[in-house]
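Student: Could we go through this structure together, starting with how its strands are put together?
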Amino acid sequence: MSEQAKKPARKKVELDPRFINYRHVWVFVESERGEVHPVSWELLGEGRKLADALGVQLCGVVMAGPGERGRGICAEAFHYGADQCYLVQDPVLTDYRNEPYTKALTDLVNTYQPEILMLGASTLGRDLAGSVATTLKTGLVADCTELVIDAESRNLASTRPTFGGSLLCTILTQRHRPQMATVRPRVMGMPEADTSRSGQIIEVPFSMLETSIITKVLEFIPDDTRDKPNLPFADIIVSGGRGLKKPENFQLVWDLAQVLGAEVGGSRPVVQAGWIELDRQVGQSGKTVRPKLYIAAGISGAIQHRVGMDGADVIIAINSDPNAPIFDFAHYGIVGNAMTILPALTEVFKSHLAQARKAG
Amino acid sequence: MHSVVCIKQVPDSAQIRVHPVTNTIMRQGVPAIINPYDLFALEEALRLKDRFGGTVTVVTMGPPMAEAALRKCLSYGADDAILVSDRAFAGSDTLATSFALTSTIRKIMENMPVDLIFTGKQTIDGDTAQVGPGIAKRLDCQLLTYVSKIVDVDLEQREIQVERRAEGGVQFLKTAMPCLITMLEGTNEMRFGDLDDLFRAARYDLKVWNKEAAGIDDAEMIGLKGSPTVVSKVFAPRPRSQRAEMIETQDNDPKNLAVTLLAKMFTQHPKLEKEIAKRAR
């Protein structure tokens with residue numbers, strides 16, 4: 001909580017002897033109703049690098065109900081880099097509930113003793129990670145943006161934004177194991193699936209009686225995703241900020257987005273002002289995005305926004321202030337009035353695409 | 001009905017600036033506020049009190065200045081407030097913080113049984129969302145995170161039904177009290193406190209507990225000693241090595257700027273051109 005209050009650690013700290021035999025890197029592969037959350041594959045990509053740096057194995061942890069495609073999920077995990085998968089299938093794991101999932105994952109950790117355990121910072125992952133870390137009395141670093149192994153100590157150095165993204169800090173869990181970390185969706189790149197890869201599935205029995213679980217799921221109503229924006233996985237995003245001056249002007253963002261087949265996003269001020277819905281907010285307190293193209297119109301590029309879109313392949317910034325911080329990290333910048341540049345871009349993209357269609 | 005609401009006083013992160021030379025946080029003039037997510041928890045507890053009667057106790061762990069945040073909660077209508085404050089807590093990470101707060105809640109329970117414990121979904125300074133789940137595990141009570149609505153409370157049966165924002169949908173859950181609830185943002189709107197509460201809040205003799213009063217005998221469990229995580233370095237995000245390539249034309253006419261941009265971008269990123277053409281088709 002008050003990470004900022006701490007002095008940097010300089011002394012070499014020895015690992016508690018109880019944890020000497022903890023080995024291998026684990027990724028919790030999050031699935032509900034047979035659907036894997038893509039953040040799990042992103043974590044396997046990252047976990048592969050950590051396991052290689054340590055010279056250990058990368059293991060996926062899959063939990064599901066008995067009728068669900070647990071082995072199929074394990075097979076996919078191998079494609080994304082896992083060497084082994086622990087598979088726990090039990091009726092009490094059909095719907096996500098904190099109590100049985102915490103028990104199952106904590107039992108696995110105590111039995112097989114991994115040195116690193118990573119989870120996605122999804123609603124499920126955050127609920128589970130905090131509970132497991134507290135039960136194991138180990139360190140957990142939330143929302144990491146960079147994970148590296150310190151070669152000498154074999155410790156995991158987890159870097160995360162702090163103070164709403166104004167600063168970054170690197171955190172170590174030196175004396176305890178496993179070292180736990182969560183990572184938000186789209187912070188890490190999606191690894192290429194290698195369908196020739198396979199691995200070993202270790203089925204682990206779990207005996208928890210439904211009658212012993214206090215929380216009951218009465219009903220689950222899946223989201224209607226048809227009209228829901230999905231910014232984290234959009235390939236092109238056009239975003240607007242306070243520089244657009246008036247909510248009506250946001251239409252210019254929608255117009256360009258339509259020509260490009262893009263999603264529409266925005267900075268925190270315009271979401272707070274109600275110009276667009278909460279699901280479209282990009283940044284530290286909103287979504288992390290990773291598009292191939294990100295167009296920011298009238299967004300100054302405050303660090304809170306930057307941490308959510310820094311991973312875009314190409315960033316175009318339009319801002320009337322030549323000193324706006326967004327020009328420090330965009331790839332292309334136009335100094336000018338977004339209200340006149342946006343319609344010009346819409347028109348030029350439109351005619352360019354029409355020509356491309358004719359040509360090809 | 002007795003609810004305990006855990007809150008945190010935080011710097012208003014929207015107003016934090018980093019010193020460009022020293023890369024340190026410039027705290028001066030940054031107002032301290034109640035973590036905005038905690039207000040949804042407090043309001044929900046106050047609504048339950050409106051419905052069922054009872055008591056709302058607010059707890060925070062922090063420096064003496066956090067008293068202001070507690071008084072604010074009293075002015076909204078909370079009945080009692082406890083500031084857990086001790087130099088020994090300095091440097092606590094989320095695990096040590098959940099230990100201290102759990103011990104505090106146990107102390108509160110000695111005087112009056114607790115039905116529900118509330119926290120916000122996360123703080124805006126730490127953003128970890130770990131302390132709520134930590135308290136639930138330590139108290140060995142049920143954890144309901146990201147609750148969007150309290151549907152029903154049955155005080156006789158000691159059961160509660162809630163709607164919970166799950167991954168990809170809404171879960172309707174039933175569980176036993178006491179349990180810990182972390183409230184989702186935007187689920188309610190904090191009331192304006194009435195004048196009586198405002199005066200009461202200003203005069204209220206709120207409790208300040210040191211670690212002994214909070215029932216903590218073992219200093220190994222709190223502060224730096226009780227924290228498995230250690231901050232090894234704090235730094236400012238590094239700028240990209242190159243500034244943006246600025247697109248300019250002689251007349252700076254919007255259309256010419258757009259044409260120049262596209263030509264440059266598509267020459268340097270031919271794959272992007274194909275991608276856009278494919279999607280827009």
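Tutor: Two strands pair if DSSP finds at least two bridges between them, and strands (E, at least two residues) and helices (H or I, at least four) are DSSP runs numbered from the N terminus. This is a predicted model, in which local features need pLDDT of at least 70 and side-chain atom pairs count only at pLDDT 80 or more, whereas totals for chains, interfaces and linings use all residues. Residues are numbered from 1 along each chain as its sequence is written, chains are lettered from A in the order in which they are written, and side-chain values use heavy atoms, without hydrogens and water.

Student: OK, which residue is the bridge partner of A:Asn319 in E18(A)?
Tutor: A:Asn319 has A:Val335 as its bridge partner there. Strand E17 (residues 314–319) of chain A and strand E18 (residues 332–335) of chain A run parallel and are joined by four bridges.

Student: And what's the order of strands in the open sheet?
Tutor: The six strands follow the order E15(A)-E14(A)-E16(A)-E17(A)-E18(A)-E15(B), with parallel pairing. At the edges are strand E15 (263–266) of chain A and strand E15 (245–246) of chain B, each of which pairs on one side only.

Student: Where do antiparallel strands join chain A to chain B?
Tutor: Strand E13 (residues 216–222) of chain A runs antiparallel to strand E11 (residues 169–176) of chain B, and six bridges join them. Within E11(B), B:Lys174 stands opposite A:Lys216.

Student: How many residues are in contact between chain A and chain B?
Tutor: Taking contact as heavy atoms within 4.5 Å, 99 residues of chain A touch 91 residues of chain B. The two chains bury about 8,300 Å² between them, 59% of it on carbon and sulfur atoms; buried area here is the accessible area (1.4 Å probe) lost when two parts are put together, summed over both.

Student: How many salt bridges between chain A and chain B?
Tutor: There are five, counting a side-chain nitrogen of Lys or Arg within 4 Å of a carboxyl oxygen of Asp or Glu. One of them joins B:Lys255 to A:Glu347, at 3.5 Å from N to O. On the side of chain A that touches chain B, helix H8 (residues 338–359) of chain A gives the most, with 11 residues.

Student: Switching topic, how many aromatic pairs are there over all chains?
Tutor: The search finds seven, where rings of Phe, Tyr and Trp (its six-membered ring) pair if their centres lie within 6.5 Å, and planes under 30 degrees apart count as stacked, over 60 as edge-to-face and the rest as tilted. The pair of A:Trp26 and A:Tyr86 is tilted because the planes stand at 45°, with ring centres 4.9 Å apart.
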